[in-house]
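Hi,

Here is the structure I said I would pass on. Have a look at it first, and then read my notes below.

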Amino acid sequence: MVNSAQQARDAVAAMGFPPLGNRSTGSSARATVYGSDYQETANDEILCVVQIENAVAVRDIDDIVAVPGVDACFIGPVDLGSSMGLKPGQQAQHPEFEAAIQCVLAAARHAGKPAGIHVQTSEDANKRLKEGFQFIALATDKALLTNEAKRQLAAVAQ
């Protein structure tokens, strides 16, 4: 959860090895399983995706996605809606919630960075992809497993 440009800078710094960041070099011996040059190449291979889950972050989104080293942003809609005083299930009917989502997408697009979002259904996934979101988290493991278990049990009960 990143709510400000400073938090984004802190996240980027925590992920990178010096001189680009402040990540500990003490684990270098273990990191050699990824190659003897891991510490020299890791900064070029790290992907920093900041999660936008609060209305405060939406207000600062242009500055957040402009931070060097932030590669993408991802909206957590349930927490975002909660920060706006909305209960789960109310978001879809709330115009300010949708405006916040579109604000994040526009800022990411302007910064030339991909935006992602969590959705519950394939219909929502297709809608968000058409809008320009570039990666999607679909449902949850709990929902997918529960729905499939119900479907399978219903088929057996017939």
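Ile 75 has Ile 117 as its bridge partner in β3. That is one spot in the pairing of β2 with β3, which run parallel and are joined by 3 bridges. Before going further, please keep in mind that this is a predicted model.

On the sheet as a whole: 4 strands make up an open sheet, with parallel pairing and the order β1-β2-β3-β4. β1 and β4 are the edge strands with a single partner each, so one side of each has no neighbour in the sheet. From one strand to the next the twist averages 20°. β1 pairs with β2 in the parallel sense over 4 bridges, and Gln 51 stands opposite Phe 74 in β2. At the other end of the order, β3 and β4 also pair in the parallel sense, over 4 bridges; there Val 119 has Leu 138 in β4 as its bridge partner.

Next, the core. Which residues touch the most other members of the largest nonpolar core? They are Val 50, Ile 52, Ile 64 and Cys 73, out of 30 residues in that core. At least two residues each come from α1, β1 (49–52), α4 (55–59), α5 (61–65), β2, α7 (95–111) and β3 (115–119). The most come from α7, which gives 7 residues.

Ile 61 sits in helix α5 and is buried, at a relative accessible area of 1%. Again not counting residues up to four places away in sequence, Ile 61 touches Ile 52, Cys 103, Val 104 and Ala 107. To get a sense of scale, compare Ile 61 with Glu 148: they are 87 residues apart along the chain, and their C-alpha atoms are separated by 37 Å.

Then the aromatic rings. How many aromatic pairs does a search of the whole structure find? The search finds 2. One is edge-to-face, between Phe 17 and Tyr 38, at 6.0 Å centre to centre and with 90° between the planes. Phe 17 is in the loop between α1 (5–15) and α2 (28–31) and Tyr 38 is in helix α3 (residues 38–45), so this pair ties together parts that are 21 residues apart in sequence. Both Phe 17 and Tyr 38 are buried. There is also a stacked pair, Phe 74 with Phe 135, at 5.8 Å centre to centre and with 20° between the planes. This pair links distant parts of the chain, 61 residues apart: Phe 74 is in strand β2 (residues 72–75) and Phe 135 in strand β4 (residues 135–138). Phe 74 counts as buried at 14% relative accessibility, whereas Phe 135 is partly exposed at 28%.

Cys 73 is buried, with a relative accessible area of 1%, but Cys 103 is partly exposed at 32%.

Last, two backbone details. Most residues other than glycine have a negative phi, and most peptide bonds are trans. The peptide bond from Pro 18 to Pro 19 is cis, with omega near 10°; Pro 19 is in the loop between α1 and α2. Ala 139 is not a glycine, yet has a positive phi of about 60°. Look for Ala 139 in the loop between β4 and α9 (141–157), where Ala 139 is buried with a relative accessible area of 9%.

Over to you!

Key
Residues numbered from 1 in each chain as written. Predicted model: local features only at pLDDT ≥ 70, side-chain atom pairs only at ≥ 80, totals over all residues. Heavy atoms only, no water. Phe/Tyr/Trp six-rings, centres within 6.5 Å; stacked < 30°, edge-to-face > 60°. Buried < 20%, exposed > 50% of the residue type's maximum accessible area, 1.4 Å probe, protein only. Core = buried A, V, L, I, M, F, W, Y, C linked by side-chain atoms within 4.5 Å. Pairing = 2+ DSSP bridges. Contact = heavy atoms within 4.5 Å. Axes fitted to C-alpha atoms, helices over the stretch in contact; angles between N-to-C directions.
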